[in-house]
Amino acid sequence: MNQRYALCIVLIALAVLPLACGKKEEPAAPTSAAPASVAAPEPPVSIAALNRGAGLYQEHCAQCHGPEAQGHPDWQTPGVTAAPPLDGTGNDWKRSRAELVAAIRNGVKRDGAQVMPSWNGRLSDNEIDDIIAWFQALWPPEVYSQWRRKQATPKG
Ligand code: HEC
């Protein structure tokens, strides 16, 4: 391939690139593609992140927390250790973002027993963010707004 030909291809590629990218970046209207009951996350989470989160959740979390993040039916039964809901109907929404991340990263211990496995080194920070974004999208809108307001308010 001679140099001028190569340069020409580069120039064409540069000319086409913005067009191709421009098309890609068109907003995908994330909320309209989601089920009607799903609260609009703020700031908006991309549909790609939600899809990644959904896949990772089903792979790693659903067997204990339920496919819809509804929690194990016995999660409130005294003396039973069962995974609680993550869909905004349990205590999940009472946790700060840092607490949610810590629970997932480190797992949860009860009386010395690891009742929720640690995902440290098995899920990246981004993957944990995507999973949280996915189950938070299931939270009722008023629960999510309340959580957001609490996040914004300094403790004390
Ligand atoms: C082996 C079962 C199991 C798996 C798998 C599991 N969890 Fe859990 N998880 C639990 C249990 C049990 C608890 C409650 C621990 C306790 O008694 O406080 C819990 C608690 C939590 C909490 C704290 C909730 C709250 O109300 O404080 C979060 C957040 C959480 N899990 C997220 C996840 C995510 C995300 C995944 C997947 C990456 C996952 N869990 C996988 C069993 C599991």
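Aspartate 130 is buried in this predicted model, because its relative accessible area is 10% and the cut-off for buried is under 20%. Aspartate 130 lies in helix H6, which spans residues 125–136. Leaving aside neighbours within four places in sequence, aspartate 130 is in contact with Ala49, Arg52 and Gly53.

The protein chain has 156 residues, of which 28% count as buried. Its secondary structure comes to seven helices and two strands. Read from the N terminus on, the elements run α-α-α-α-α-β-β-α-α. Among the contacts in the chain with a separation of 6 or more, 53% are between residues 24 or more positions apart.

The next topic is the iron site. Which residues coordinate the iron atom of the ligand? They are His65, through its atom NE2, and Met116, through its atom SD, at 2.0 Å. These two residues come from distant parts of the chain: histidine 65 is in helix H4 and methionine 116 is in strand E2, 51 residues apart. The arrangement around the iron atom is octahedral, because its six donor atoms subtend angles of 86 to 180°. An octahedral site requires opposite donors to be over 155 degrees apart and all others to lie between 65 and 115. Histidine 65 is buried, because its relative accessible area is 9%. Methionine 116 is buried as well, with a relative accessible area of 17%.

Which kinds of residue make up the lining? There are 20 nonpolar residues, five polar ones and four charged ones. Helices H4, H5 and H6 and strands E1 and E2 each supply at least two residues of the lining. The largest share, four residues, comes from H5.

Helix H5 covers residues 97–106, and alanine 102 is found in this helix. Is alanine 102 buried, partly exposed or exposed? Its relative accessible area is 31%, so alanine 102 is partly exposed. Alanine 102 and serine 118 are 16 residues apart in sequence, and their C-alpha atoms are 9.3 Å apart in space.

Now consider the loop between H4 and H5. Tryptophan 75 lies in this loop. Not counting residues up to four places away in sequence, tryptophan 75 touches Ala82, Ala83, Pro84, Pro85, Thr89, Gly90 and Asn91. The C-alpha atoms of tryptophan 75 and proline 85 are 8.0 Å apart, and the two residues are ten apart in sequence.

Aspartate 87 lies in the loop between H4 and H5 too. Aspartate 87 is buried, because its relative accessible area is 14%. Where along the chain do its contacts lie? Leaving aside neighbours within four places in sequence, aspartate 87 is in contact with Glu68, Ala69, Gln70, Asp92, Phe135, Leu138, Trp139 and Pro140. For one of these, leucine 138, the separation along the chain is 51 residues, while the C-alpha atoms are separated by 5.3 Å.

Alanine 69, which is in contact with aspartate 87, has its place in the loop between H4 and H5. Alanine 69 is buried, because its relative accessible area is 0%. Its backbone deserves a second look. Most residues other than glycine have a negative phi. Alanine 69 is not a glycine, yet its phi is positive, about 60°.

Aspartate 111 has a positive phi as well, near 45°, and is a residue other than glycine. Aspartate 111 is found in the loop between E1 and E2. Is aspartate 111 buried or exposed? Its relative accessible area is 84%, so aspartate 111 is exposed, whereas alanine 69 is buried.

Notes: Residues are numbered from 1 along each chain as its sequence is written. This is a predicted model: local features need pLDDT of at least 70, side-chain atom pairs count only at pLDDT 80 or more; totals for chains, interfaces and linings use all residues. Side-chain values use heavy atoms; hydrogens and water are left out. Ala, Val, Leu, Ile, Met, Phe, Trp, Tyr, Cys and Pro count as nonpolar, Asp, Glu, Lys and Arg as charged, and the others, Gly among them, as polar. Donors are N, O and S atoms within 2.8 Å of the metal (3.2 Å for Na, K and Ca); water is not among the atoms, so sites may look incomplete. Four donors count as tetrahedral if all angles lie between 85 and 135 degrees; four count as square planar and six as octahedral if opposite donors are over 155 degrees apart and all others between 65 and 115; anything else is irregular. Buried means under 20% relative accessible area, exposed over 50%, partly exposed in between (1.4 Å probe, protein chains only). Contact means heavy atoms within 4.5 Å.
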